Amino acid sequence: MLREINDRAAIEVLLRDGPLTRAELELAIGLSKPATAQLLTRLEQDNLVTKAGVRGGGRGPRAQLWAANGALAFVAAVDLTPHVADFVVADVAGVVLAEHRTPLPVHAGADVVGTFGEALSKVAEEAGIERKDLAHVVIGAQGAFDPRTGLLSSAPHIPGWLGFDVPQKLSDELGVDVLIENDVNLVAVEEMTVGMAQDVDDFVMVWLSEGVGGAVVIGRRLLRGATGGGGEIDWMRVPDPATVDTGDVWPEAGARFGNLVDSPAICRLAAAHGIEAQTAWEAVEKAGKGHPFLDDLARRVAGGVANLVAVADPQLVLLCGDTSRAGGEEFAALVQEKLHELVLPRTPVGCASVQGNAVRAGALQSALATTREDVFGVVTPTLLGSRRPEGDITRPRPTTPDR
């Protein structure tokens, strides 16, 4: 048992830090030189680690590098949007083997399973494997996924994916293990892994783009809710800016209600301030520093965030999505100012730090977590894929019986 704990701890370090020399691994896991050498011999015999070249050269010594055996399993991650599906395939060590972007039909009546399977087969082929070789596939989608039924909701933009048990049907017809997850939840996973929330236990993430979404993380675990809608502040309905004075916090009698701060609502709010724009991020960019529109928008965003903060009392609020990026840290500071007028906690508000396609990156982290648990027994309880029972977040630590 102690050897197994040490072996898992070593693999965890190799997966996290990449190829290492024996001396580097020894330092990382705290075992003696003989114990680390025996450990590597065991893991190589079991095909769990492989030699990965050497470091050094010239007149100095050349040290053997060791890496987790990525060829033991393969995973895929997908960012599914109304416009394009963004695929990536990686080995279990996290090495990206192929990427593929393609439009997929999402309208009602489309063969979404068949076309998705064709695209998945294509990117698998580009990675030098077959679709059946994929151990796990994670899809990030703009909607709420109900784990009880397998149904997507709040996703009128992808009607072809509604009305059936998505992961079950995909898994059955494509012959691979498929999970579907809300896109903002996956961004939160990526922020916990490599971003601003690496050392944060409780935080709230708010996505501002064409739509608005949210994620709540408590104790390094995502709060999904009973129907998969945990954190979805777009379910709130607030006064439409076209029907109320732009400076008012409370609605006038008879005001229409709509989405909190999706792109059309932000564009209407911008128009009320004399800014014409086709998208929310364009409106924010046009406004510039100090414009009253930004102050008004920050008040509306803070109003939605305040409800989450009042209940969860998180350590941090992170804004993400292209509208948030357009406003940057200055807009985040405005939201923080308005938020502190509404709630007692002095919760800081910042911008998410992960660059590129954070939805796809989070989906890849989730797929890797599940597969690494199956292949190596390495558990990453903060990520979506872990099968460890709720509440058990113990990480294996190396021991030294043979030091």
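This is a predicted model: local features need pLDDT of at least 70, side-chain atom pairs count only at pLDDT 80 or more; totals for chains, interfaces and linings use all residues.
## The chain at a glance

Let's start with a word we'll need a lot: a residue is buried if its relative accessible area is under 20%, exposed if over 50%, and partly exposed in between, using a 1.4 Å probe and protein chains only. Residues are numbered from 1 along each chain as its sequence is written, and side-chain values use heavy atoms, with hydrogens and water left out.

The protein chain has eleven helices and 17 strands. Both kinds are DSSP runs numbered from the N terminus: helices are H or I with at least four residues, strands are E with at least two. Contact here means heavy atoms within 4.5 Å. Among contacts in the protein chain with a separation of 6 or more, 59% are between residues 24 or more positions apart.

Now for a helix pair. The axes of α2 (residues 22-29) and α3 (residues 33-45) come within 10 Å and cross at roughly 110°. That makes α2 roughly perpendicular to α3, a label for angles of 65 to 115 degrees (under 35 is roughly parallel, over 145 roughly antiparallel, and the rest oblique). The axes are lines fitted to C-alpha atoms, for helices over the stretch in contact, and angles run from 0 to 180 degrees between N-to-C directions. On the α2 side, R22, L25, E26 and I29 meet K33, T36, A37, L39 and L40 of α3. By class, this contact of α2 with α3 has five nonpolar, one polar and three charged residues. Nonpolar covers Ala, Val, Leu, Ile, Met, Phe, Trp, Tyr, Cys and Pro; charged covers Asp, Glu, Lys and Arg; the others, Gly among them, count as polar.

W66, found in strand β3 (residues 62-68), is in contact with residues from that helix pair, including R22 and L40. Other contacts of W66, leaving aside neighbours within four places in sequence, include L14, P19 and V49. The C-alpha atoms of W66 and R22 are separated by 7.4 Å, though the two are 44 residues apart along the chain. At 10% relative accessibility, W66 counts as buried.

## The nonpolar cores

In soluble globular proteins, nonpolar side chains tend to be buried together. A nonpolar core is a set of buried Ala, Val, Leu, Ile, Met, Phe, Trp, Tyr and Cys residues joined through side-chain atoms within 4.5 Å. The largest one has 36 residues, of which F116, L120 and W161 touch the most other members. At least two residues of this core come from each of β4 (74-80), β5 (85-91), α4 (112-126), β7 (134-141), α5 (166-174) and β10 (178-182). The largest share, seven residues, comes from α4.

Leaving aside neighbours within four places in sequence, L120 is in contact with A76, F87, R131, L134, V137, L174 and V176. Apart from this core lies another, of 35 residues, among them V216, I266, I275 and A283.

## A five-stranded sheet

An open sheet with mixed pairing runs in the order β13-β12-β11-β16-β17. Two strands pair if DSSP finds at least two bridges between them. The edge strands, β13 (221-222) and β17 (349-351), each pair on one side only. Helix α10 (residues 322-342) packs on the sheet, touching β11, β16 and β17, and its direction makes about 175° with that of β17.

Take a look at β11 (residues 203-208), where six of six residues are buried. One side holds F203, M205 and W207, the other V204, V206 and L208. Strand β11 runs antiparallel to β12 (residues 212-218), joined by six bridges, and a hairpin of three residues links the two. With β16 (residues 316-320), β11 pairs in the parallel sense over five bridges. W207 has a bridge partner in each: G213 in β12 and C320 in β16.

## Positive phi values

S154 has a positive phi near 55° despite not being glycine. It sits in the loop between β9 (151-153) and α5 and, at 34% relative accessibility, counts as partly exposed. D313 is another such residue, with phi near 50°, in the loop between α9 (292-312) and β16.
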